[in-house]
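Subject: Structure handover

Hello,

Here is the structure I promised to pass on. Please open it first, then read the notes below.

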Amino acid sequence: STRIVLASRPIGMPQQENFRTETVELEPPKPGEALLQTLYLSLDPYMRGRMSDAPSYAAPVEVDGTMCGATVSRVLESTDPALSPGDIVLGYGGWQTHSVESVRALRKLDPNAAPLTTALGVLGMPGMTAYTGLLTIGRPQPGETVVVAAATGPVGATVGQLAKIKGARAVGIAGGPQKVALLRERFGFDAAIDHRAPDFAEQLAAATPDGIDVYFENVGGAVFDAVLPRLNQFARIPVCGLIANYNDTDLPPGPDRLPLFMSNILRKSMTVRGFIVSDFWDQAGEFYPAAAQWIAEGKLVYLEDVVDGLDHTVEAFQGLLTGKNLGKLVIKVAD
Ligand code: NDP
């Protein structure tokens with residue numbers, strides 16, 4: 001098996017030298033385990049957190065340990081009758097070509113029900129993040145305005161389309177003209193803005209004439225600075241991700257804006273609530289059929305960026321942190 005291990009903890013943007021590729025012999029599966037061949041590896045922003053030993057909601061990957069990650073895999077050998085060779089499963093195999101995993105932790109996928117990669121995106125963890133964070137915390141009402149950034153990614157694109165399904169107005173923010181065009185033409189956002197445009201704050205104000213009722217926070221940074229003055233009374237902010245800060249080694253320079261933020265929360269009676277998708281695993285049973293139905297009806301479309309070859313993983317992950325990906329980023333590891 002070939003695997004990519006964390007060789008050292010990155011400072012700032014992860015570099016190739018923070019990782020090492022190794023070839024190892026895997027232990028045969030013990031009772032209750034299966035030997036799997038990775039077909040697709042999901043790359044997600046949270047992995048930047050696992051490379052660091054700063055406090056987080058989950059333990060970091062150990063130095064010299066295999067980088068973690070959700071995978072769609074083919075069963076090669078199983079000690080449990082629940083799985084047979086050839087079955088396709090969703091697991092957590094990490095950045096490697098083969099894995100040995102506990103059968104109980106695997107979910108069998110039906111390859112005829114949906115393309116396999118969707119189990120890592122729109123019909124998987126990112127889709128469920130959008131669904132739970134928006135509907136449980138954001139609670140968009142008909143006619144309200146919902147704003148989301150990283151809006152061509154699997155979380156943001158789903159947030160915007162769910163907002164529309166709930167009768168709200170969806171405003172998407174993304175980096176660059178190609179992504180902005182996709183927001184309007186493919187995902188059906190009512191307005192789309194480029195956060196790299198010099199007049200971004202003015203464009204956001206023009207796109208939100210009635211203010212912002214729900215800001216689904218995916219990025220933080222300069223986008224949040226532009227959003228804050230547009231927030232309405234009783235606005236809700238599900239805090240999902242802060243990707244603009246993931247490579248920061250220090251607090252950003254400039255005036256301390258915490259008092260401004262806190263006074264906005266107070267004066268506008270706003271709700272700011274962070275969440276981790278696992279807080280809402282109990283909603284998985286309602287999420288999957290609902291999302292599958294919306295996809296079948298054409299109300300929920302998705303975009304995937306499939307990169308060929310495990311050897312491109314580090315480069316592709318760097319691209320995820322800088323916006324080079326166009327849709328849900330997946331590494332194709334084997335056929
Ligand atoms: P995406 O596929 O959307 O990829 C990340 C995108 O972030 C990039 O493509 C880029 O898009 C954007 N971005 C990067 N840097 C900046 C910046 N400085 N300012 C604005 N945008 C930036 O990822 P996901 O959909 O998988 O994840 C979106 C967010 O959701 C992340 O913050 C992630 O950590 C979070 N998340 C949280 C979960 C939870 O349980 N709380 C679970 C899953 C995801 P662009 O080119 O448009 O700028």
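How much area is buried between domain 1 and domain 2? About 1400 Å². Carbon and sulfur atoms give 64% of that area. Please keep in mind that this is a predicted model.

**The two domains**

The chain is divided into two parts. Domain 1 takes in residues 2-121 together with 303-332. Domain 2 covers 125-279. Their centres, taken over C-alpha atoms, are 28 Å apart.

At the interface, 21 residues of domain 1 touch 16 residues of domain 2. Which three residues supply more of the area that domain 1 buries against domain 2 than any other three? They are G121, L303 and L326, with 33%. What about salt bridges across the interface of domain 1 and domain 2? The rule finds 0.

**The cavity**

A search of the whole structure turns up 1 cavity of 30 Å³ or more. The space in this largest cavity is about 70 Å³. Its lining is made of 13 residues. Nearest the centre lie V122, G153, P154, Y302 and L303.

Helix 3 (residues 154-165) gives the largest share of the cavity lining, 3 residues. By class, that lining has 7 nonpolar, 4 polar and 2 charged residues.

Where does the largest cavity lie? Domain 1 and domain 2 both give residues to its lining, so the cavity lies between them.

**The second largest pocket**

This pocket holds about 920 Å³ of space. It is lined by 27 residues. The closest to its centre are G221, F224, N245, P252 and R257.

Which elements give two or more residues to this lining? There are helix 6 (221-227), strand 12 (231-239) and helix 7 (258-267). G221 and F224, both close to the pocket centre, fall within the range of helix 6.

The lining of the second largest pocket is made up of 16 nonpolar, 5 polar and 6 charged residues.

**Where to look**

Go on to the largest cavity, around V122, G153, P154, Y302 and L303. Then turn to the second largest pocket and find G221, F224, N245, P252 and R257.

Best wishes

Technical notes
Residues numbered from 1 in each chain as written. Predicted model: local features only at pLDDT ≥ 70, side-chain atom pairs only at ≥ 80, totals over all residues. Heavy atoms only, no water. 1 Å grid on protein atoms, 1.4 Å probe; cavity = no way out; pocket = protein on both sides within 12 Å on 5 of 7 lines; lining within 4 Å. Points joined across faces, edges and corners; volume = space filled by probe spheres on them. Helix = DSSP H or I, 4+ residues; strand = E, 2+ residues; numbered from the N terminus. Nonpolar A, V, L, I, M, F, W, Y, C, P; charged D, E, K, R; others polar. Domains from an automatic or database assignment. Contact = heavy atoms within 4.5 Å. Buried area = accessible area lost by both parts, 1.4 Å probe. Salt bridge = Lys/Arg side-chain N within 4 Å of Asp/Glu carboxyl O.
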